[in-house]
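Please keep the structure open while I talk.

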Amino acid sequence: MQLKIYNSLTAEKEIFKPILDGNVGMYVCGPTVYSNVHLGNVRTFLSFDFIYRSLTHLGYKVRYVRNITDAGHLTDDGDVNNDRFVKQTRLEKLEPMEIVQKYTVDFHKVLDMFNLLPPNIEPTATGHIVEQIELTQKLIDTGFAYESNGSVYFDVLEYNARGLNYGELSKRNIEELFANTRDLDGQGEKKNPQDFALWKKASPAHIMRWNSPWGEGFPGWHLECTAMSTKYLGETFDIHGGGMDLKFPHHECEIAQGKACNGTSPVNYWMHANMLTMNSQRMSKSTGNYILPMQLVSGENDFFEKSFHPTIVRFCFLQAHYRSVLDISNDAMLASEKGFTRLMEALKILNSITPNDEKQSGFSLEDWKTKCYDAITDDFNSPVLIAHLFEAVKFIFALKDEKETISAKDLEDLKATLNAFVFDVLGLQNIEENNNEKLDQTLQVLIELRNQARKSKNFDLSDQIRDKLLAEGIELKDGREGTTYVLN
Ligand code: AMP
Ligand code: ZN
């Protein structure tokens, strides 16, 4: 089985050769935790969750690093006194690290809701200031960076003068770049407008600041990813991912920093996930064209006619390839819900099928499995994988109607494979089973409260709990082993 990955650097699908046989080092740019993640952000993280799950399922031992940007991300308005955190601090009247904590917690909650697996390492920018200062110093020492008025900039022209190629990832021509850039955040400090900050001097009002050889300041955004990916994955590692919009300048700058520091290209395979759109426009906080994950799940929004379970959203996202634009709409969500229900129904039916070893089946399990694995290994093609899963669904319904047969061995194999694809690789959740589990947990809490009421001779309350549950069709039965319940 050969895995092919589309490499944004070469713009080609390439056969994946990991640096260390059987192992994968993967770095994905994480969120800037100054506000709630929107559904667009979720799509990108979910795309890489599917890639991580697929790699693991294919047998690779993956070290998955996804950072938290909690410092040094300048605002779009180019105001040197503002990074996004400082601005939010003023708005919410909170300490910067309170902002960071608040939105990191929100980020984790949201990703957990969509059943994303946590990365193996989740480093923060503020936890790696020393490494960033060291890298900056190294770049000054080797002549790739210069200090100017307490800030340090990467010298893009010097980089190119040494035969390196700034623009190789975004396929931008450096002359064009120079012509099109306004010097927003350098304020005359830079040699060239395209030079980017490795370290920024902090103005007196800037509260997130650290000591450095160039005075008090804070790191530039691009540098943190170079510092953390190098520390945890090495100077060159296998896969680097992020949203399409990070190609330039963020990833371009990461390549330049890595090459200038270590003399080698930092990443073998660059992967970029495409955007989520709504009303055919990119979802984005700044334009107001966005929806928060909770608004979709709770139904409290003006865009969707009903609420949707997070696993339906996940299923909808995976029906588009990670490199394609996905437009989220009411119709797309309703269709996903319908498809998901049929898929779950098929899985349930599979448990009640009686095998038949006598008759020949018209469905070749081996061919079907090969097609599913071909989809995963063809640049993680989730929509094609899902299409194949629905071939199996069709077959399962034919089994139910006794129009098809399956041998005992194949039945076990089909069950195991389908479950693995649905739950491990696609990361879907069985809503019905989860709901039953939640109901059981809730009833155990009520039984415990009733026992406590009885112990303290509050029979009024204990009877109320019993009677109200009974009215809802839930009968409590007291026995020697304790209290159990029956759903009527
Ligand atoms: P940020 O916190 O702004 O750095 O964004 C976190 C991630 O979300 C980045 O990888 C972005 O590329 C990605 N992203 C932002 N907007 C969208 C969108 N509309 N669709 C998909 N990914 C997005
Ligand atoms: Zn990054």
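Which helix do the buried residues of α2 pack against? Before I answer, let me say that this is a predicted model, so please take the values that follow as computed from it. The partner is α3, which covers residues 96-113, and the residues of α2 that count as buried are R84, F85, V86, Q88 and T89, within a helix that runs over residues 84-92.

Let me turn to the metal site. The zinc ion, ligand 2, is coordinated by the SG atoms of C29 and C225 and by NE2 of H250, at 2.0 to 2.2 Å, and along the chain these donors follow the spacing C-x195-C-x24-H. Because C225 sits in helix α7 (residues 221-233) while H250 sits in helix α8 (residues 247-262), the pair ties together parts that are 25 residues apart in sequence. Both of these residues are classed as buried: C225 has a relative accessible area of 0%, and H250 has a relative accessibility of 1%.

Finally, the sheet. Three strands form an open sheet with mixed pairing, in the order β12-β11-β13, and its edge strands, β12 (281-282) and β13 (326-328), each pair on one side only. Strand β11, residues 276-278, runs antiparallel to β12 and is joined to β12 by 2 bridges, with M278 standing opposite Q281 of β12.

Notes:
Residues are numbered from 1 along each chain as its sequence is written. Chains are lettered from A and ligands numbered from 1 in the order in which they are written. This is a predicted model: local features need pLDDT of at least 70, side-chain atom pairs count only at pLDDT 80 or more; totals for chains, interfaces and linings use all residues. Side-chain values use heavy atoms; hydrogens and water are left out. Buried means under 20% relative accessible area, exposed over 50%, partly exposed in between (1.4 Å probe, protein chains only). Helices (H or I, at least four residues) and strands (E, at least two) are DSSP runs, numbered from the N terminus. Contact means heavy atoms within 4.5 Å. Two strands pair if DSSP finds at least two bridges between them. Donors are N, O and S atoms within 2.8 Å of the metal (3.2 Å for Na, K and Ca); water is not among the atoms, so sites may look incomplete.
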